[in-house]
Amino acid sequence: MVQHSDWNEKSTSPEDLEFVKKNTDYHKIPDGNVVGNGTPGFLSAEYTQWKGKITNPQLIEVWELAIEISNEYNGKDGRYNNKAISQGGMDFSDLSEVCWILGINDIKDTAEFFNIYSN
C-alpha cells in the first residue's frame, strides 16, 4: 500500500491504519498535494487549462466527467470540502501514489502532467 498525505492517515482510524501497516507492504511517500518534495504535486486551485491541452474527445469526456463529479460532491453531505476544487481548480493528488509505484516521479505538477500525458 502507498499513502501520500498526513491527512489521509489521520482520516483513518488508528486501528485500521495499524492493521494496514502490519498486513501490507506499507509505503508513506511525500505529499502529492505539494510541488517539489519528490513526488508530483497534483493539487492546484489555479490550473484550468487542461482542456486546451487535450485533443482526444474521449479523454476530454473522461476529464469533464471527473470534474463534474468532484464539483457535485465536494463538501456535500459532510464530505471534505477541497478548496482547490471549490476555486475551480483540480486535485488528483492520489495519482502521485500511482506515479510512485510506476517510478514516474519526475513530473513536477498538474501543468506538466497535462503537457506530457494529455493525449
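**Stop 1**

Select Glu-9, which lies in helix α1. Helices (H or I, at least four residues) and strands (E, at least two) are DSSP runs, numbered from the N terminus. Before going on, note that this is a predicted model, in which local features need pLDDT of at least 70, side-chain atom pairs count only at pLDDT 80 or more, and totals for chains, interfaces and linings use all residues. Residues are numbered from 1 along each chain as its sequence is written, and side-chain values use heavy atoms, with hydrogens and water left out.

Is Glu-9 buried or exposed? Glu-9 is buried, yet has no salt bridge. Buried means under 20% relative accessible area, exposed over 50%, and partly exposed in between (1.4 Å probe, protein chains only). A salt bridge is a side-chain nitrogen of Lys or Arg within 4 Å of a carboxyl oxygen of Asp or Glu. For charge, Lys and Arg count as positive and Asp and Glu as negative; His and the chain ends are not counted.

Contact means heavy atoms within 4.5 Å.

**Stop 2: Asp-6 and Lys-28**

Asp-6 lies in helix α1 (residues 6-10) and Lys-28 in strand β2 (residues 27-28), so the pair ties together parts that are 22 residues apart in sequence. Asp-6 is partly exposed at 44% relative accessibility. Lys-28 is also partly exposed, at 37%.

**Stop 3: the other salt bridges**

How many salt bridges does the rule give? The count comes to three.

Select Lys-51 and Glu-64. Their side chains meet in a salt bridge at 2.5 Å, N to O. This pair links distant parts of the chain: Lys-51 is in helix α3 (residues 50-53) and Glu-64 in helix α4 (residues 57-73), 13 residues apart. Lys-51 is partly exposed at 43% relative accessibility, and Glu-64 is partly exposed at 34%.

Move to Arg-79 and Asp-77. Their side chains meet in a salt bridge at 3.8 Å, N to O. Arg-79 counts as partly exposed, at 41% relative accessibility. Asp-77 is exposed, with a relative accessible area of 68%. Stay on Asp-77, in the loop between α4 and α5. Its phi is near 55 degrees, a positive value in a residue other than glycine.

**Stop 4: Thr-12**

Select Thr-12, in the loop between α1 and α2 (14-23). Thr-12 is partly exposed at 28% relative accessibility. What does its side chain reach? The side chain of Thr-12 reaches the backbone oxygen of Asn-8 at 3.0 Å.

**Stop 5: aromatic pairs**

Colour the aromatic rings. The count comes to twelve aromatic pairs. Rings of Phe, Tyr and Trp (its six-membered ring) pair if their centres lie within 6.5 Å; planes under 30 degrees apart count as stacked, over 60 as edge-to-face and the rest as tilted.

Take Trp-7 and Tyr-80. Their ring centres are 4.9 Å apart and their planes at 50 degrees, so the pair is tilted. Trp-7 lies in helix α1 and Tyr-80 in the loop between α4 and α5 (83-86), so the pair ties together parts that are 73 residues apart in sequence. Trp-7 is partly exposed, with a relative accessible area of 47%.

Next, Phe-42 and Phe-92. Their ring centres are 4.7 Å apart and their planes at 20 degrees, so the pair is stacked. Phe-42 is in the loop between β2 and β3 (43-44) and Phe-92 in the loop between β4 (90-91) and α6 (95-102), 50 residues apart. Both are buried.

Ring pairs link Phe-42, Tyr-47, Trp-50, Trp-63, Phe-92, Phe-113, Phe-114 and Tyr-117 into a cluster.

**Stop 6: the nonpolar core**

In soluble globular proteins, nonpolar side chains tend to be buried together. Here, select Phe-42, Tyr-47, Trp-50, Ile-54, Ile-60, Trp-63, Met-90, Phe-92, Cys-99, Ile-107, Phe-113 and Phe-114: these twelve residues make up the largest nonpolar core. Such a core is a set of buried Ala, Val, Leu, Ile, Met, Phe, Trp, Tyr and Cys residues joined through side-chain atoms within 4.5 Å. Helices α4 and α7 (110-117) each supply at least two residues of this core.

Finish on Ile-54. Leaving aside neighbours within four places in sequence, Ile-54 is in contact with Leu-59, Ile-60, Trp-63, Phe-114, Ser-118 and Asn-119.

Methods
A polar contact is a pair of N or O atoms within 3.5 Å; within protein, one must be able to donate a hydrogen and the other to accept it, and residues adjacent in sequence count only if both atoms are side-chain atoms.
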